[in-house]
Amino acid sequence: MIGKGRLERLSPSAARLALAALLLVLLASLIAPTMKPGTRSPWEGAVEGPVDRAGASLSDATKPYDEDIALYEVATERIRKGEHYYDFIVPEQRSRHYPVNPGLAVRLPTLAYINAALGEGADGGGDRAHAGDRRRLVATARRRARGPGRVQRLGTALVFVAASLGLNRHYFPLHELWAGGLIALSFALHRPEGGGREGAWRGAFVAAALALAIRELALPYVLLMAAFAVWRRSWYEAAAWILLTLVFLAGLAWHLTIIAREVVPSDAHGPPWLVMRGMAGWLVNVVQSSNLRWLPPFLAGPAVVLMTFGWLGWRSLPVWSAFCLAPVTGSPS
């Protein structure tokens with residue numbers, strides 16, 4: 001554990017109750033599913049097409065293994081053939097039984113146009129882009145590691161663990177992969193103490209702007225950087241982050257307006273993200289969005305529980321954030 005943990009302050013009886021609760025949750029995680037129905041864990045070997053309830057490949061395979069990636073690849077190919085993104089994306093998404101309402105269910109076109117611009121060798125271009133990102137992250141990590149504190153070095157290592165998904169070209173069409181990598185790069189490039197009174201932030205700004213153009217989920221990071229700049233009284237940097245936010249919101253409004261024109265009354269409203277799906281839903285989200293998906297379910301579930309318990313014991317960390325950190329970093333214990 002890093003420093004003294006909050007669990008060390010428990011009385012013997014409270015510690016026994018905490019361990020008993022941990023044991024119960026571990027037992028539940030052994031039987032809770034860590035995969036969506038109809039999918040197969042990579043540790044069982046690759047399959048083509050859909051699978052049955054037992055995870056076996058179906059003989060009449062007509063669907064791709066990952067339908068999300070298939071949709072993004074089709075969008076890239078149609079743009080490459082000269083079609084305009086907004087001319088086809090809503091009908092294409094609707095035909096694949098994906099929601100188009102609300103408009104945020106339709107991804108921003110930035111990544112599709114980037115992949116299309118890379119040409120037929122888009123995978124190779126993605127390889128080179130990710131290799132460049134990795135080289136920059138390694139160089140930044142070396143600079144960070146020279147700084148004081150074990151936490152800095154540990155944090156850099158944990159970022160690499162989370163970014164390891166970028167080594168698999170199968171996931172290159174995913175918006176979250178690129179946006180997340182660019183956010184990590186932006187954070188690594190940010191030097192508030194360098195480059196004069198205003199600090200060195202322009203490289204971080206460019207990386208964050210591209211992440212935001214790819215996926216709107218990067219907006220909280222941009223807002224955080226703006227707040228941090230205001231707190232440091234770095235007014236030029238704060239103005240840049242605020243301007244980026246305003247430009248993005250204008251672009252997002254334009255995107256939503258175009259999508260709204262294509263929505264018809266028969267289009268169902270997409271399900272909300274914030275739904276209570278119990279332990280199984282939480283474990284599925286954690287395992288399938290990390291390298292824990294390579295583990296058998298009876299190992300992946302308990303691993304998530306133990307990692308979360310480890311973060312919960314860190315006294316300086318808010319309790320709620322332990323459930324966000326565990327999926328991508330592991331336990332600090």
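Mentor: From the N terminus on, the elements run α-α-α-α-α-α-α-α-α-α-α-α-α. The secondary structure thus comprises 13 helices and zero strands, where helices (H or I, at least four residues) and strands (E, at least two) are DSSP runs numbered from the N terminus. This is a predicted model, in which local features need pLDDT of at least 70 and side-chain atom pairs count only at pLDDT 80 or more, while totals for chains, interfaces and linings use all residues. Residues are numbered from 1 along each chain as its sequence is written, and side-chain values use heavy atoms, with hydrogens and water left out.

The part to examine is the loop between α3 (85-95) and α4 (110-117), where P102 lies. The peptide bond from N101 to P102 is cis, with omega near 5 degrees. H97 belongs to the loop between α3 and α4 as well, and its phi is near 65 degrees, a positive value in a residue other than glycine. Most residues other than glycine have a negative phi, and most peptide bonds are trans. With a relative accessibility of 75%, H97 counts as exposed; the term exposed means over 50% relative accessible area, buried means under 20%, and partly exposed lies in between (1.4 Å probe, protein chains only).

Q93, by contrast, is buried, with a relative accessible area of 4%; its place is in helix α3. Leaving aside neighbours within four places in sequence, Q93 is in contact (heavy atoms within 4.5 Å) with L71, Y98, P99, V100, A105 and V106. Although Q93 and A105 are 12 residues apart in sequence, their C-alpha atoms are 9.5 Å apart in space.

R233 is placed in the loop between α9 and α10 and, at 61% relative accessibility, counts as exposed.

The interior comes next. A nonpolar core is a set of buried Ala, Val, Leu, Ile, Met, Phe, Trp, Tyr and Cys residues joined through side-chain atoms within 4.5 Å. The largest nonpolar core has 31 residues, and L174, F205, L212, V222, W241, L244 and F248 have the most contacts inside it. The elements giving two or more residues to this core are α2 (67-80), α7 (175-189), α8 (202-214), α9 (219-231) and α10 (235-262). Apart from this core lies another, of 13 residues, including V106, which is one of the contacts of Q93; A75, V90 and I259 are also among its members. F248 touches L108, L212, E216 and L219, not counting residues up to four places away in sequence.

For the chain as a whole, buried residues make up 39% of the 333 residues. Among contacts with a separation of 6 or more, 64% join residues 24 or more positions apart.

Helix α1 (residues 12-31) and helix α12 (residues 297-312) pack at an angle of about 150 degrees, with axes 7 Å apart; axes are lines fitted to C-alpha atoms, for helices over the stretch in contact, and angles run from 0 to 180 degrees between N-to-C directions. That makes α1 roughly antiparallel to α12, since angles over 145 degrees count as roughly antiparallel, under 35 as roughly parallel, 65 to 115 as roughly perpendicular and the rest as oblique.
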